[in-house]
Amino acid sequence: MIEQVAIAFEHKDYQTAAKLLKQLLKESPENPWVQYYLGRLHEVSQKRQHAEKIYRQLLRDTTNTKIVTLARQGLRRLQEIEQEERQRAISQATAQPNNTEAGVLVLEPLTTEMKTEASPKFAQIMQLDPYTARLILPSRGWRLYRTGAVGELKFYGKQLQQAGIPCFWATIAQIQQIQVYQVKHFQESTPQATVVCRNQANQLGSLSFDWSEVTARVVGLLPIFEQVVDVDAHHQLEWKTKTQDYAQFCDLHLPGRRCILRLYDNGYEFQQGLEIIPQANQNTIRINWNGLSSWIDQQLPQVKIWSDFTSFADTILDQTEMLGHIKSHIHVFRRKQTNWDSAFQLYSGLVFVK
């Protein structure tokens, strides 16, 4: 009867093949040839997951070289179909002009238990091996996973979300559209807050807002690099670039006004405007900054603080081309440009648009 099933498949008479297999499954369900043709029937019936399961089981349990070869060919066909469909879907996803814009796909953190469940799904969607997939999924903080046309990123992102893997995507243009104001000092705090600040054209002015307008606070440390003399392994003097200090930044997000108010320790005028820190002129910048941060804490007790910038930056600092398109709005004196500044703007911008 197996020969009749084979002939039915040759003639693409799947109805006859199904009838014959139904009988064979009752008589000898463990027969590897019966299982193989059942897999073929699932394959031609578009039940690919069932077909894949049978083919993989045959590879594990069968020693018949002919069946092993046919099962491998079956898996290859399934992979080719999946690849073609994926490429077709991506082409459709990027067909619209606005879907070709440059963007980023960001993975959000998962607990250990969630990672165990999510890794095989992530591996299947992104065509990775399960071990690599588990390493990529973040446990704390965001991970920038992929850059490219936002239509393609959206295509993958929706599949990941449907599989229970938290992620989001955004365009570089969305980040660039956010206005960033450099805060010089607070002038008032009640009934409204008023800051003296410079806009992106470096014009000095003031901006008043209600504390309730602030939806997020992003803090981060940006390294300050200096050229220093060091001794190498051969006891020779050499110049090296080393991190000598850190600049502290704090962004206040006002999405209703499409803007970010940016404060940083060396740019804030502690002795001007509202007296927040008593005897500011006698303190170090670090003490003054800590005092300002504590004061902002009191004004915004319910607002979430985003503080995982450093771990996020570690996943993107090598993305020089992408970061090169992001204007940092960071005015730290630097002898040489660094990706850290654009990375902070990207991190804060992603919090803003998410």
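Trainee: How do you know what radius of gyration a compact globule of 354 residues would have, and what does the protein chain have?
Mentor: The rule is 2.2 Å times the number of residues to the power 0.38, taken over C-alpha atoms. A compact globule of 354 residues would be near 20 Å, but the protein chain has 29 Å. The C-alpha trace spans about 95 × 60 × 35 Å along its principal axes. This is a predicted model, where local features need pLDDT of at least 70 and side-chain atom pairs 80 or more, while totals for chains, interfaces and linings use all residues. Residues are numbered from 1 along each chain as its sequence is written, and side-chain values use heavy atoms, without hydrogens and water.

Trainee: What makes residues of the protein chain count as buried, and what percentage do?
Mentor: Buried means under 20% relative accessible area, with a 1.4 Å probe and protein chains only. Of the 354 residues, 43% count as buried.

Trainee: Why is a set of residues called a nonpolar core?
Mentor: Because its members are buried Ala, Val, Leu, Ile, Met, Phe, Trp, Tyr and Cys residues joined through side-chain atoms within 4.5 Å. The largest such core has 32 residues, and Trp142 and Leu350 are among those that touch the most other members. Its largest share, seven residues, comes from α13.

Trainee: Which residues does Leu350 touch, not counting those up to four places away in sequence?
Mentor: Contact means heavy atoms within 4.5 Å. Leu350 touches Val104, Val106, Trp142, Phe168, Ala170, Ile175 and Phe312. Another core, of 27 residues, lies apart from the largest one and includes Cys197 and Leu263.

Note on methods. Buried means under 20% relative accessible area, exposed over 50%, partly exposed in between (1.4 Å probe, protein chains only). Helices (H or I, at least four residues) and strands (E, at least two) are DSSP runs, numbered from the N terminus.
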